[in-house]
Amino acid sequence: HWQADRTLVRFVLPVRHGMLFGAQLITPEGWLCSAVDSGGADLESLRADMKGTVRARYILEALFVEGFAQQADGRPAAGRHMALLPVGGTSPEGVAGRDAVVVKSGYFQLRAPPGLYELAPQASGGDIDEVLVSPKGLVEITNLVGRSSVLRVRLGIAKGSKLGSTPSEGSTTDSDSSYEGFGGNPRTCTETVHIFSVASGHRYERLLRIMMLSVREHTQCPLRFWLVENFLSPNFRRILPGLAKRVGFAVSTITYKWPSWLRVQVEKQRVIWAYKILFLDVLFPLHVTKVLFIDADQIVRADVRELWQMNLHGAVYGMVPFCGSGPESQPSATDRLFGWGSDKASDAKNQETMGLRFWEQGFWKKHLAGMHYHISALFVVNLELFRAQAAGDHLREVYQALTEDPTSLANLDQDLPNYVQRELNIFPLPAEWLWCETWCSDATKARAKTIDMCQNPLRKEGKLQQARRIAPEWAQYDSRIAAWIIEVEAELTASAP
């Protein structure tokens with residue numbers, strides 16, 4: 001922090017040529033902090049041999065409060081919806097995080113700026129009418145030190161309600177309109193498509209912006225993007241509202257504090273992978289009933305409305321199998337849909353990387369026993385069914401067990417859902433919905449509806465160089481966004497006090 005009247009923390013590092021560092025703020029457990037200024041520096045990629053000083057300013061945005069909720073009969077209040085309401089007012093529209101879904105164990109977490117709040121169960125439709133029995137009085141979110149507060153919540157059944165009922169699927173709340181999308185053509189499509197993505201660092205934020213524009217270019221539906229806020233850089237957060245207006249989408253930022261009882265990840269990339277898959281049931285407001293995940297480093301070439309409306313046939317989520325995944329004698333229906341004129345699964349594979357297909361060897365070959373290994377760069381989640389089946393709880397339980405061995409789940413976001421697919425079925429999305437040069441043959445590229453810039457271990461090539469080579473439209477999108485960013489920066493400068 002470089003303001004003269006504030007505390008300054010200074011770090012001096014010895015010069016290490018060719019090394020990159022990332023800045024990570026270590027805070028009390030209950031804090032949600034974000035960088036709001038870094039002087040344009042990428043805090044995820046600081047060169048150790050750079051000259052000069054990097055100054056970063058952080059703010060405390062909110063405090064987390066954790067709790068456990070029980071029904072009147074003492075059972076965990078799984079599936080209930082708790083919310084914090086500011087005393088003397090209502091929660092601002094579009095602020096995710098002040099309401100939360102209670103998971104199977106009864107655990108929930110909420111976040112809000114320091115202050116006084118009322119804790120309230122939210123109406124969920126059906127024949128449920130529950131009231132808060134305890135705690136009595138107001139909830140004080142004021143503790144700035146130590147562990148986050150823990151609430152012990154007990155719900156009572158109001159007259160005329162059924163004991164032990166669970167919330168109705170498809171129920172809505174008064175705040176539904178807060179999360180509608182923006183853009184598109186209302187005469188063609190009125191249903192909002194919700195898209196979740198994760199990016200950290202300037203390079204991936206640049207890729208993310210282009211992914212967003214490519215989605216917008218190919219659909220007439222209103223869009224709302226959901227981004228994990230504590231991974232975003234100060235500059236991206238600053239320009240995001242103006243950029244969203246120009247591209248044509250709405251945006252919400254979300255986060256979830258790593259639960260104190262869940263084994264932590266330390267490496268930043270693995271933390272990001274974990275957020276993709278471990279907290280799907282609790283990241284989004286309850287009335288968001290479906291979401292698409294699209295990796296930041298993808299180019300979309302088709303209308304995501306097709307994915308949004310796809311029948312998952314009772315599965316909680318759908319993913320694309322790796323090119324040619326599965327037994328050679330039985331090519332998948334998704335491979336045949338590709339239309340490249342072959343009945344052999346091997347014809348979908350990149351022959352150069354055949355020896356690197358780890359899921360066709362050793363442990364994974366035995367565990368899958370002919371099932372597909374799916375890629376997690378794009379997937380569709382039926383959040384209603386995901387919550388109803390406590391899929392998030394099951395994923396976290398298996399994660400907790402497997403990570404006793406620190407070498408397990410090497411590709412956390414992919415290995416975990418593929419490992420448990422006998423319990424949580426994965427619907428195989430059509431193969432053309434994800435093409436990756438590393439694993440897919442050139443013959444299948446022409447029909448690709450998304451192109452993922454997955455790293456090829458046989459090539460020494462940066463992400464941006466790879467994107468320009470593989471997807472010619474990438475450079476055009478990049479130029480358009482660069483021009484819009486100049487406009488946004490000019491507006492922000494003109495409106496600054």
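Residues are classed as buried under 20% relative accessible area, as exposed over 50% and as partly exposed in between, with a 1.4 Å probe and protein chains only. The structure is a predicted model, in which local features need pLDDT of at least 70 and side-chain atom pairs count only at pLDDT 80 or more, whereas totals for chains, interfaces and linings use all residues. Residues are numbered from 1 along each chain as its sequence is written, and side-chain values use heavy atoms, with hydrogens and water left out.

The protein chain contains twelve helices and 21 strands, taken as DSSP runs (helices H or I, at least four residues; strands E, at least two) and numbered from the N terminus. Of its 497 residues, 52% are buried. The accessible surface comes to about 22,900 Å², with 52% of this area belonging to carbon and sulfur atoms; areas come from the Shrake-Rupley method with a 1.4 Å probe, and for residues only the protein chains shown count as cover. Among contacts (heavy atoms within 4.5 Å) between residues at least 6 apart in sequence, 77% join residues at least 24 apart.

An open sheet of seven strands has the order β14-β13-β12-β15-β18-β17-β19 and mixed pairing, where pairing requires at least two DSSP bridges between two strands. At its edges lie β14 (250-254) and β19 (426-428), each of which pairs on one side only. Neighbouring strands of the sheet are turned against each other by 30 degrees on average, direction ignored. Strands β12 (residues 193-197) and β13 (residues 223-228) are parallel and share five bridges; His194 has Arg224 in β13 as its bridge partner. Helix α1 (residues 202-217) packs on this sheet through β12, β13 and β15 (290-294), and its direction makes about 160 degrees with that of β13. Axes are lines fitted to C-alpha atoms, for helices over the stretch in contact, and angles run from 0 to 180 degrees between N-to-C directions.

Leu232 is placed in the loop between β13 and α2 and counts as buried, because its relative accessibility is 7%. Beyond residues up to four places away in sequence, Leu232 touches Ala199, Glu205, Leu227, Arg237 and Thr253. The C-alpha atoms of Leu232 and Ser200 are 5.7 Å apart, although 32 residues separate them along the chain.

Buried residues of α12 include Trp474, Tyr477, Ile481 and Trp484. The buried residues of this helix pack against α1, α2 (234-247), β16 (298-300) and α11 (463-470).

The whole structure holds 25 aromatic pairs. Rings of Phe, Tyr and Trp (its six-membered ring) pair if their centres lie within 6.5 Å; planes under 30 degrees apart count as stacked, over 60 as edge-to-face and the rest as tilted. Phe196 and Phe293 form an edge-to-face pair, because their ring centres are 5.4 Å apart and their planes stand at 70 degrees. This pair joins strand β12 to strand β15 across 97 residues, and both Phe196 and Phe293 are buried. Phe363 and Tyr419 are stacked, with centres 6.4 Å apart and planes at 20 degrees. Phe363 belongs to helix α7 (residues 362-368) and Tyr419 to helix α10 (residues 412-419), 56 residues apart. Tyr419 counts as partly exposed, at 26% relative accessibility.
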